Amino acid sequence: MTSAQRFDPSTITVSVGEPVVFVNNSNEAHTVTAVEDTLPDGGSYFASGGFTDEAAARSNPSDGFILEGEIFEIEFGAPGTYEYFCIPHESSGMRGTIIVEE
């Protein structure tokens, strides 16, 4: 996560079970929030702050903030394409994609 309000890189490809680590390299608070209605079959919802769905994450984004120097780590148990965004910078286009392969 950068001070330009971007995920860098914006798209990555990983294997099932491989950890994905988000590092906030900016002085702004960011979130990692899955786009719930685009999850692949068998894909689990994810969000910084441990929210169980997108509505909950949107209702209290500060509970999901990743502050400067902090990390958020996830692993995916199902292959597919996972879309995500940063709630406070969604309107600035802070979005990303994780492609998970077998």
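Predicted model: local features only at pLDDT ≥ 70, side-chain atom pairs only at ≥ 80, totals over all residues.

Trainee: Is Glu-54 buried or exposed?
Mentor: The cut-off for buried is under 20% relative accessible area. Glu-54 has 14% relative accessibility, so Glu-54 counts as buried.

Trainee: What is the distance between the closest N and O atoms in the salt bridge of Arg-58 with Glu-90?
Mentor: Arg-58 lies in helix α1, whereas Glu-90 lies in the loop between β5 (80-85) and β6 (95-101), so the pair ties together parts 32 residues apart in sequence. Glu-90 is partly exposed, because its relative accessibility is 23%. For this salt bridge, the closest N and O atoms are 2.9 Å apart.

Trainee: How many salt bridges does a search of the whole structure find?
Mentor: The search over the whole structure gives three.

Trainee: In what order do the elements of the protein chain run from the N terminus?
Mentor: The protein chain has one helix and six strands. Read from the N terminus, the order is β-β-β-α-β-β-β.

Trainee: What is the radius of gyration of the protein chain?
Mentor: The C-alpha trace spans about 35 × 25 × 20 Å along its principal axes. For 102 residues the globule rule gives 13 Å, and the chain comes close to this, so it is as compact as a globular protein of that length. The radius of gyration is 13 Å.

Trainee: Which strands stand at the edges of the open sheet, each with a single partner strand?
Mentor: The open sheet has four strands in the order β1-β6-β5-β3, with mixed pairing. Each edge strand has a single partner, so one side of each is left without a neighbour in the sheet. The edge strands are β1 (11-15) and β3 (33-34).

Trainee: In which sense do β1 and β6 pair?
Mentor: Strands of a sheet pair through backbone hydrogen bonds, either parallel or antiparallel. Five bridges link β1 and β6. Among the bridge partners are Ile-12 with Ile-98 in β6 and Thr-11 with Thr-97 in β6. The sense of the β1 and β6 pairing is parallel.

Trainee: How many bridges join β5 to β6?
Mentor: These two strands run antiparallel. One of the bridge pairs is Tyr-84 with Gly-96 in β6. The number of bridges joining β5 to β6 is six.

Trainee: How far apart in space are Pro-79 and Val-16, C-alpha to C-alpha?
Mentor: Pro-79 is in the loop between β4 and β5, and 63 residues separate Pro-79 from Val-16 in sequence. Not counting residues up to four places away in sequence, Pro-79 touches Val-16, Pro-40, Asp-41, Val-100, Glu-101 and Glu-102. The C-alpha to C-alpha distance between Pro-79 and Val-16 is 6.2 Å.

Trainee: Which residues make the nonpolar surface patch of about 230 Å²?
Mentor: One of the members is Ile-71, placed in strand β4 (residues 71-74). Ile-71 counts as exposed because its relative accessibility is 52%. The patch is made by Val-21, Val-23 and Ile-71.

Terms used
Residues numbered from 1 in each chain as written. Heavy atoms only, no water. Rg over C-alpha atoms; globule rule 2.2 N^0.38 Å. Patch = residues over 30% accessible without salt bridge, like charges linked within 9 Å, V, L, I, M, F, W, Y side chains within 5 Å. Areas by Shrake-Rupley, 256 points an atom, 1.4 Å probe, with all protein chains shown as cover. Salt bridge = Lys/Arg side-chain N within 4 Å of Asp/Glu carboxyl O. Buried < 20%, exposed > 50% of the residue type's maximum accessible area, 1.4 Å probe, protein only. Pairing = 2+ DSSP bridges. Contact = heavy atoms within 4.5 Å.
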